[in-house]
Amino acid sequence: DTKSITDTEWDWLDQHLGLADLQIQTFTPMLWLAGPLHLQWGHRALDLGLLDHQAIPIHQLLSTSAIQCDRQPTYWLIENRTSFERQARLHHDKVLIWMPGRPTHAWLNAMGHLLDQAPGPALISADLDPSGLAIVMAACQPWSRRQLPWQMQDMSIPQLQAARHWPLGSHDHLLLDTLLTALDTPADVQVLAQAMRDSGRKAEQEGWL
């Protein structure tokens, strides 16, 4: 639940409780990414294309004076860390970004900053399970708010049927109910959610991505 706490709320808690005295500290929020981006801070610059992938402190990403790409960027968001690193070594034409589970406010702000500086469409890849579909619906928000296109990538019914799978749990069914009844759930997400419900199975993207 701490992922949903905003920076303002953290500041309030620290002011009133003294979190350091309670030995409660937060890690610096980071954004893991790869691809042909050039980040600039005044006269200083970082060429991400020179590296397989890199973690950037989000507060420093938000302070960039410019973000440029060799061409209009296509962003590929990948949930599984192993899959992200594997694809980062294979694809140098896209901007790959690791989604560490359900997107936090800091992560979403970082995505918004990237899109404001270097707009482009998104491909979103998450586990083929109800939580993965919920992550897709959260991660797409910066694109939807800016009316930029996005779509799921490597998330299909044939992959769900062919991959090693696990049975759905009670929490999975609750998530599926929410996705299938929400008015803003896109048709392709609803189709996958219904396929999971009908088959009673889920799978992790590491098996094919």
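A residue is called buried when its relative accessible area is under 20%, exposed when it is over 50%, and partly exposed in between (1.4 Å probe, protein chains only). Residues are numbered from 1 along each chain as its sequence is written, and side-chain values use heavy atoms, with hydrogens and water left out. The model is predicted: local features need pLDDT of at least 70 and side-chain atom pairs count only at pLDDT 80 or more, whereas totals for chains, interfaces and linings use all residues. Helices (H or I, at least four residues) and strands (E, at least two) are DSSP runs, numbered from the N terminus.

In helix H5 (residues 130-139), 9 of the 10 residues are buried, so this helix is largely enclosed by the rest of the structure. The buried residues are Pro130, Gly132, Leu133, Ala134, Ile135, Val136, Met137, Ala138 and Ala139.

Leu133 belongs to helix H5 and is buried, its relative accessible area being 0%. Contact is taken as heavy atoms within 4.5 Å. When residues up to four places away in sequence are not counted, Leu133 touches Asp127, Met152, Met155, Leu179, Val189, Leu192, Ala193 and Met196. Leu133 and Cys69 are separated by 64 residues in sequence and by 29 Å in space, C-alpha to C-alpha.

Gln87 is placed in helix H3 and is also buried, with 8% relative accessibility. Neighbours within four places in sequence being left aside, Gln87 is in contact with Trp76, Ile78, Leu96 and Leu209.

**Salt bridges**

A salt bridge is counted where a side-chain nitrogen of Lys or Arg lies within 4 Å of a carboxyl oxygen of Asp or Glu. By this rule there are 5 salt bridges. One of them joins the side chains of Arg81 and Glu85, at 2.9 Å from N to O. Arg81 and Glu85 are 4 residues apart in helix H3 (residues 81-90), and about one helical turn therefore separates them. Arg81 is partly exposed at 28% relative accessibility, and Glu85 is partly exposed at 22%.

The side chains of Lys94 and Asp93 form a salt bridge with an N to O distance of 3.6 Å. Lys94 counts as buried at 19% relative accessibility, whereas Asp93 is partly exposed at 41%. In a further salt bridge, the side chains of Asp177 and Arg197 meet at 2.1 Å, N to O. Because Asp177 lies in helix H8 (residues 170-181) and Arg197 in helix H9 (residues 187-199), this pair ties together parts that are 20 residues apart in sequence. Asp177 is partly exposed, with 33% relative accessibility, and Arg197 is partly exposed, with 32%.

**Surface patches**

Patches are made of residues with over 30% relative accessible area and no salt bridge; like charges are joined within 9 Å, and nonpolar side chains (Val, Leu, Ile, Met, Phe, Trp, Tyr) within 5 Å. Accessible areas come from the Shrake-Rupley method with a 1.4 Å probe, and for residues only the protein chains shown count as cover. Lys and Arg count as positive and Asp and Glu as negative, while His and the chain ends are not counted. A charge is placed at NZ of Lys, CZ of Arg, CG of Asp or CD of Glu.

Asp7, Asp11, Asp14 and Asp21 form a negative surface patch. Among them, Asp14 is located in helix H1 (residues 7-17) and is partly exposed, with a relative accessible area of 41%. A nonpolar surface patch of about 270 Å² is made by Leu17, Leu22 and Ile24. Leu22 is placed in the loop between H1 and strand S1 (30-34) and counts as partly exposed at 49% relative accessibility.

**Positive phi values and an exposed leucine**

Gln147 is not a glycine, yet its phi is positive, at about 55°. This residue is found in the loop between helix H6 (141-145) and strand S9 (150-152), and Gln147 is exposed, with a relative accessible area of 76%. Asp154, likewise a residue other than glycine, has a positive phi near 55°. Asp154 lies in the loop between S9 and helix H7 (157-162) and is partly exposed at 27% relative accessibility.

Leu174 lies in helix H8 and counts as exposed at 55% relative accessibility. Between Leu174 and Asp70 there are 43 Å in space, C-alpha to C-alpha, and the two are 104 residues apart in sequence.
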